[in-house]
Structure formats: structure tokens, C-alpha cells
Amino acid sequence: MGVEITAPVRRAAQRFIPNAKPFFSPADKAQILASMSEILDGMLTLGPLVQRLEQDFAHYVGVSHAVAVHSCTSALEIALRFFEVEGRDVLVPAQTFVATANAVITAGGRPVIIDVDRATQCLTAELVETAIGPKTAGVIVVNMHGLIPPDFEAIRAVCRRRSLFLIEDAAHSPGAIYRGVKSGALADAACFSLYATKVLTAGEGGVLTTGDPCLAAFARSVRDHGMEETRTQCVRVGSNMRCDEFRAAVALNQLGNLEVFVARRNTIARLYEEQLADEALIRLPARYTHIRHAYWKFPVSLADGLDPGCIARELLQSHGIQVSQPYAPPVHLQPYYRQRYGYAPGALPNVEWILSHYVCLPMHVGLTDDEVAHVVESLLSVLRKAT
Ligand SMILES: Cc1ncc(COP(=O)(O)O)c(C=O)c1O
């Protein structure tokens with residue numbers, strides 16, 4: 001998801017470079033179509049492919065349990081219910097898709113929206129520690145744009161010291177690695193999205209990963225109306241959050257390619273870095289030697305005075321290049337959050353600064369080296385014209 005900047009008019013013959021695009025090779029398509037045909041003769045939901053997806057996902061991430069559900073939002077809600085957030089506060093970064101905070105509310109808790117670091121757009125241990133209050137139950141860290149917060153260990157240490165749960169919102173970060181540990185294995189639970197634009201997609205879908213067998217059993221029950229294992233007794237309130245075999249087939253295919261996808265995304269990031277190095281009008285994202293970035297997006301910050309919205313419109317209209325912006329408005333300035341919790345502009349200055357400075361350049365596996373060069377050349381020409 002995220003804010004996609006679109007404009008109704010583009011020149012007819014202009015090539016169009018979208019900011020995100022799924023990637024399926026002809027061989028992948030053939031494999032998926034063959035799976036679809038087999039599914040039609042057997043179990044259509046929660047069948048053998050869902051089971052295989054859960055096994056392979058857990059194995060890939062390096063945890064003992066993965067539970068496939070129908071969205072990342074469901075995975076978040078399940079984890080938050082397991083950690084009993086009802087009537088308690090959960091710290092949520094302001095720079096995220098609103099689903100992260102909404103899940104806290106639907107699980108019965110109160111999201112406390114906190115500011116993020118300007119350079120990484122992620123939480124830091126310091127920001128977390130200062131926001132902890134008497135009712136804080138836990139923290140959701142968002143691996144924004146595919147970057148695990150560089151001081152993740154310190155955030156985890158704060159949570160352990162203060163007896164708070166820690167959830168990774170890993171919607172952007174399949175394949176990211178922090179000091180040798182994959183995203184999904186870093187916290188008490190992690191929630192992945194298989195939404196249409198994501199690094200690993202099945203159109204829709206989600207996966208919850210955890211090392212805790214009780215959370216995994218709870219998730220299997222809640223996703224299926226609160227039934228116990230034999231599916232005859234309802235033992236808690238649940239809902240239909242099941243994963244069907246069709247999306248499991250697509251997700252399995254994507255998972256098999258994930259290492260190649262993340263490697264290509266990193267190569268594209270290196271191309272952008274090389275070609276945009278030393279450009280005074282742009283600040284590139286920092287690189288961290290202890291982290292492998294998943295590069296769901298490639299965010300760059302523009303020099304003061306340049307308006308990201310205008311730059312985005314000009315890139316689309318004159319060059320056929322679609323860039324996206326970080327989530328705008330940020331969670332605390334969404335109308336519902338302003339009205340219900342009283343947030344006002346100026347409350348969280350870093351996230352507001354981020355919105356007025358960042359654009360995210362096209363990033364997807366099928367983007368060619370030539371297209372990257374075209375994006376860079378177009379961006380520089382638009383920026384120079386604007387100054
Ligand atoms: C950071 C983040 N969290 C949660 C979600 C929700 O994911 P889903 O659409 O799979 O429920 C998204 C989706 O865009 C997201 O970007």
C-alpha cells in the first residue's frame with residue numbers, strides 16, 4: 001500500500017515506469033498455473049499448500065512456527081490479542097501504514113503514536129524508552145521500507161528490561177537480515193504482508209512468525225473462528241482469517257525466489273547510490289554493515305525547499321516515472337486519530353519533516369539497469385529545473 005502518486009494525463013508514447021510491480025517469470029507463471037489446476041481437484045483452503053507455505057516460511061525465517069492468515073493486519077491483530085492489549089497502550093511509530101495502529105484498536109488496546117528517526121524513518125531505542133508509560137504493554141516496530149531499525153538490539157533490550165512485548169511489523173521486510181538473523185525471528189512475533197505491491201506477494205495475505213508454540217496455536221484457532229484443533233469446539237472468539245490454497249501457491253512460488261528478489265533489489269539500490277552519489281540536491285539512505293535491507297522502497301530525501309509532491313507530479317507527467325511518498329498523512333494526523341486521540345500537527349515533528357522531504361524511487365525486481373539510469377537522469381533534470 002502506501003501513497004501512490006498518480007496523475008490523469010501522461011503523454012501517449014511515453015514509457016511508464018511504475019514505482020512497484022510484481023515479478024513472475026514465465027517459468028513461475030507456468031508453475032503457479034499448474035498448482036491452480038491441482039488445487040481445483042482437491043482442498044481449496046487450509047490444505048497442503050498452506051501447510052507447506054507455513055513450513056517453508058518458518059524454515060526460511062529461522063523460527064519454529066509460521067501461521068498463514070489472510071492479511072498482515074489479521075496477523076497483527078492476532079498477536080496483539082495474544083499479548084492481551086485490551087485496555088492497555090501499545091507504542092506504534094507514526095511512519096507506517098495505518099493498519100499497524102488500527103490493529104491495536106481492533107484488539108482492544110490504545111495505540112500511542114510516537115515519532116521516528118528522520119534518517120531511517122524507524123523507531124529508535126531512545127524514542128521508545130521516553131514514550132513508555134504506566135499502561136504500556138508493548139511495542140510494534142515497523143521495518144520501514146525494508147530496513148530493520150539499526151539499533152534493533154537496543155530496542156529489544158529496552159522491551160525486555162521493561163517487560164514489554166515486541167512485535168515486528170515485517171510487512172516491508174521479508175528477506176531483511178539483522179546481524180545474521182532474518183526479519184521475522186527478531187522479536188516475540190512478526191507479521192508479514194503478501195499484499196500486491198510487497199517484496200513477496202500473493203495479491204493479499206499475511207504470515208505470522210514466532211518461536212512461541214502457544215502464540216502459534218492461538219493464531220491457528222483465532223484465524224478459524226476460535227475453534228480448537230479438531231474444529232468442533234469454539235474455545236475463544238475468532239473470525240475468518242484463513243489463508244486459501246490459491247494464495248498459498250502464489251506465495252510459495254514467490255518465497256522460492258525471495259533470495260533472488262532481495263539480491264536484485266540490493267543491486268538496484270547500489271545502482272541508484274552510484275548514479276546519485278555527490279548530488280547536492282539529494283540525500284541517499286545510509287547503509288549499515290550489520291543489516292541486509294529488503295529495499296521494498298528506495299527513499300531519498302530532497303534538499304530543503306524542494307516540494308516532494310511537485311517533484312513527483314513532474315516526474316510522472318513529463319517523464320512517465322511514478323514515485324511514491326512515505327505514508328501521508330502520518331498515522332497521528334489521520335482524521336480518525338486526530339478526532340479520537342486529539343493529535344494535532346506539530347506533535348511529532350520528525351515524521352512531518354519526513355513527509356516534506358522524501359520521495360521513494362521506483363523499486364521492483366523487473367526494473368532494468370537502463371530504467372534505473374532513466375529514473376536518475378529524469379529526477380536530476382526535474383530537480384535542477386525546480387531550483
Ligand atoms: C507497514 C504495514 N503494516 C501493515 C500493513 C497491512 O498489510 P495487509 O494489507 O496485508 O493487511 C501494511 C500494508 O500495506 C504495511 O505497509
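A: In this predicted model, helix H3 (residues 72-82) and helix H7 (residues 213-222) have axes that come within 10 Å and cross at roughly 125°. That angle makes H3 oblique to H7, and H3 passes H7 in a right-handed crossing. On the H3 side the contact is formed by Ile78, Ala79, Arg81 and Phe82, which meet Leu215, Phe218, Ala219 and Val222 in H7. Of the residues in this contact of H3 with H7, seven are nonpolar, one is charged and none is polar.

The sheet is open and has seven strands in the order S2-S10-S9-S6-S5-S3-S4, with mixed pairing. Strand S2 (65-69) and strand S4 (110-114) each have a single partner strand, so these two stand at the edges and one side of each lacks a neighbour in the sheet. From one strand to the next, the twist averages 20°. Within the sheet, strand S6 (residues 165-169) and strand S9 (residues 189-193) run parallel and are joined by three bridges; glutamate 168 has alanine 190 in S9 as its bridge partner.

Helix H7 also packs on the sheet, where H7 touches S2, S9 and strand S10 (206-210), and the direction of H7 makes about 20° with that of S2. Helix H4 (residues 99-106) lies across strand S3 (89-93), S4, S5 and S6, and runs at about 150° to S4.

Strand S5 (residues 136-142) contains threonine 136. This threonine 136 counts as partly exposed because it has 19 C-beta neighbours inside 10 Å. Leaving aside residues up to four places away in sequence, threonine 136 touches Asp89, Leu91 and Leu164. Threonine 136 and leucine 164 are 28 residues apart in sequence, with their C-alpha atoms 7.4 Å apart in space.

Technical notes:
Residues are numbered from 1 along each chain as its sequence is written. This is a predicted model: local features need pLDDT of at least 70, side-chain atom pairs count only at pLDDT 80 or more; totals for chains, interfaces and linings use all residues. Axes are lines fitted to C-alpha atoms, for helices over the stretch in contact, and angles run from 0 to 180 degrees between N-to-C directions. Helices (H or I, at least four residues) and strands (E, at least two) are DSSP runs, numbered from the N terminus. Angles under 35 degrees count as roughly parallel, over 145 as roughly antiparallel, 65 to 115 as roughly perpendicular and the rest as oblique. A crossing is left-handed if the near helix is turned anticlockwise from the far one by less than a right angle, and right-handed if clockwise. Two residues are in contact if their C-beta atoms, placed from the backbone, lie within 7 Å. Ala, Val, Leu, Ile, Met, Phe, Trp, Tyr, Cys and Pro count as nonpolar, Asp, Glu, Lys and Arg as charged, and the others, Gly among them, as polar. A residue is buried if 20 or more other C-beta atoms lie within 10 Å of its own, exposed if 12 or fewer, and partly exposed in between; C-beta atoms are placed from the backbone. Two strands pair if DSSP finds at least two bridges between them.
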